[in-house]
Amino acid sequence: MRTPCRRPVVFATAVLLFVAVLKTQNLKSSSESINPRRKRKFWHVRPAGGMHAVGLCGGAESQLAETHGNVDKAIQNLDTLEQPIDRYMAMRALEESNPKLFHKLLQQHTAKILPYVYTPTVGEACERYHELGIKTRGLYLTPADRGSILEKLKAWPKQDIKVIVVTDGERILGLGDLGAGGMGISEGKIMLYSAIGGIHPTALLPICIDIGTNNEALLKDEKYKGVRQRRLQGEAYSSYIDEFIQAIKAWSPHIFVQFEDFANHNAFVLLNRYRDDTPCFNDDIQGTATIGLAGILAGMRRSGGDLTKQKFLFFGAGEAATGIAELIIMALKTWYNLSDEEARSRCILYDSKGLVSKRRKDAGGLQPHKLGFAHDFPWDADGKEDESPKNLLEAVRKIKPTALIGSATRPGAFTKEIIEEMAKLNAFPIIFPLSNPTSKAECTFEDALRWSSRRVVFASGSPFEHVDLGPATGKAYAAQANNAYIFPAVGHAAVITKAKSIPDELLLEVAKKLADMQSPSDLESGRLFPPFTYIREVSIKLIAHMCRRICELGLAQDTTVCDKSPSEWEQFVSGLMYTA
């Protein structure tokens, strides 16, 4: 991490310039723009160095012109800030001072701004949440709120909430337990429900359940503002989360709840406990699974491959890996009538202890979510232990996968030897380093391209720049398997229909719909997904498709919206999208 004391005066100047230039565009005089009867407001941006707070007076009252030129000028001034975290802080400041312009920027320049308000920058923001002096816009729930969670929800200033993104901060991206700093991930995701999903910002609520942290560094950090105790566990934790879910149902039974960045040992349990009778969704499991399968299907279109002929080796065996694997298995069973045993044999997991196997299962050494992937490998027989793969490269050589998918947050794990081996085995090796943020990716796009002799089918969790292959070949683009294609659409479809639940059958269809959107030429250049420039249009199509299927499956509790033909759904959804 960079040293925290980093040119604070430059940052302060840049932020002042950012706001000041915006104010010059058709801004009324201060005597006209500030209501003398209104209490004067101040808001603060603390530079990354944490040394010089910048007070910007009257920002909340400024009446900024709503012309396209204003948006362009804001983008120009955002570009004057050198570091991504500075751009993140400037956007947070703008959200506070002028929410309408903030949402205009997000909607009109999503592809450009997304990396600064979401991954990868949001990871650093969460790590330094209390150091940066961020003004929280969400709701914290703590152990002291036990027994009164419903009252806290009822006291929230906005009562017409449609979507909640909630985290307990225990496993933020690939960064681990960040405690109360996890609020940053809930806030980041909630922004995208508006910018991409088209839900009005006032109907969205980020929540962080701060029930302690096991991060020793945070517990000792004087600047840390979260609950200073060890995390609640066991029944104390389970009953607290149950009170939270029941409080939401009592408050507003049709709210869509997105679980975000819960640790493995809680994520699967909570999803399975509530998914059948609550409109909820775990983005780390289901969102990653959907975008992962969509990327694989798009890759099949590029290479001419057949899903039934693929063999998937997952480096990592947590929420992302098992989520993708389970959805692949469901696809093979649903679309190709494979048996469960046949479908599962296509998905192999490799965790911190090696291949997930029947031998390890029999020894009682596997977590519940891994049990369905405990394969009986030939080298697990008595007397053949020496033949067992000792590392990932040996596993690739023995398993001979067509696809290598990383979610273990081990940067550089996909080495030159591994990628070259994948290229020997496959004409078009599928290599997806999905770990977030970028610093945790298993390989870079440029390396995967070079080591595979430019034949790789690539998608990453965080963005990589395109690679210029020269005038004869053009540019190769790194597809980003960004969950933002998925969760805003899923949430808005659930809101529109008041869906009872979100079964995986719906996610299969979303994955296939998204995978079919790209042209052959786009796929050839590496673009497995539509450009983020068109993300709102993509969302409208996905929302419309999901709404129709929710109605057809009898999951809609608001059946008044179900009287539409397939051709009418997109127009209907388009009319519901919030535009700043």
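Me: How should I read the side chains of a strand, and which residues of strand E4 point which way?

Reply: In a regular strand the side chains alternate between the two faces of the sheet. In this predicted model, Val163, Val165 and Thr167 point one way from E4, while Ile164 and Val166 point the other way. Strand E4, residues 163-167, is mostly covered, five of its five residues being buried.

Me: With which strand does E4 pair, and in what sense, parallel or antiparallel?

Reply: The partner is strand E5, residues 204-209, and the two pair in the parallel sense over five bridges; within E5, proline 206 is the bridge partner of valine 165.

Me: Where is serine 186, and is serine 186 buried or exposed?

Reply: Serine 186 lies in helix H9, residues 183-195, and is buried, with a relative accessible area of 0%. Leaving aside neighbours within four places in sequence, serine 186 is in contact with Val165, Val166 and Thr167, as well as with Pro206 and Ile207.

Me: How do I describe two packed helices, and at what angle do H14 and H21 cross?

Reply: Two packed helices are described by the angle between their axes and the distance between the axes. Here the axes of helix H14 (residues 319-336) and helix H21 (residues 504-515) come within 10 Å and cross at roughly 85°; angles of 65 to 115 degrees count as roughly perpendicular, and H14 and H21 are therefore roughly perpendicular to each other. On the H14 side the contact is made by Leu327, Met330, Ala331, Thr334 and Trp335, and on the H21 side by Asp504, Glu505, Leu507, Leu508 and Lys512. These residues divide into six nonpolar, one polar and three charged.

Me: Which residues of helix H18 are buried, and what covers them?

Reply: In H18, residues 416-425, the buried residues are Ile418, Ile419, Glu421, Met422 and Ala423. Their cover includes helix H17 (392-399) and helix H19 (445-451), together with strands E11 (403-406) and E12 (430-433).

Me: Which residues of the largest nonpolar core touch the most other members?

Reply: Of its 111 residues, Phe314 and Phe529 touch the most other members, and helix H23, residues 535-552, gives the most to this core, with ten residues. Apart from this core lies another, of 33 residues, among them Leu150, Tyr237, Ile241 and Ile285. Not counting residues up to four places away in sequence, phenylalanine 314 touches residues including Ala321, Ile324, Ala325, Ile328 and Ile405.

Note on methods. Residues are numbered from 1 along each chain as its sequence is written. This is a predicted model: local features need pLDDT of at least 70, side-chain atom pairs count only at pLDDT 80 or more; totals for chains, interfaces and linings use all residues. Side-chain values use heavy atoms; hydrogens and water are left out. A nonpolar core is a set of buried Ala, Val, Leu, Ile, Met, Phe, Trp, Tyr and Cys residues joined through side-chain atoms within 4.5 Å. Buried means under 20% relative accessible area, exposed over 50%, partly exposed in between (1.4 Å probe, protein chains only). Helices (H or I, at least four residues) and strands (E, at least two) are DSSP runs, numbered from the N terminus. Contact means heavy atoms within 4.5 Å. Axes are lines fitted to C-alpha atoms, for helices over the stretch in contact, and angles run from 0 to 180 degrees between N-to-C directions. Angles under 35 degrees count as roughly parallel, over 145 as roughly antiparallel, 65 to 115 as roughly perpendicular and the rest as oblique. Ala, Val, Leu, Ile, Met, Phe, Trp, Tyr, Cys and Pro count as nonpolar, Asp, Glu, Lys and Arg as charged, and the others, Gly among them, as polar. Two strands pair if DSSP finds at least two bridges between them.
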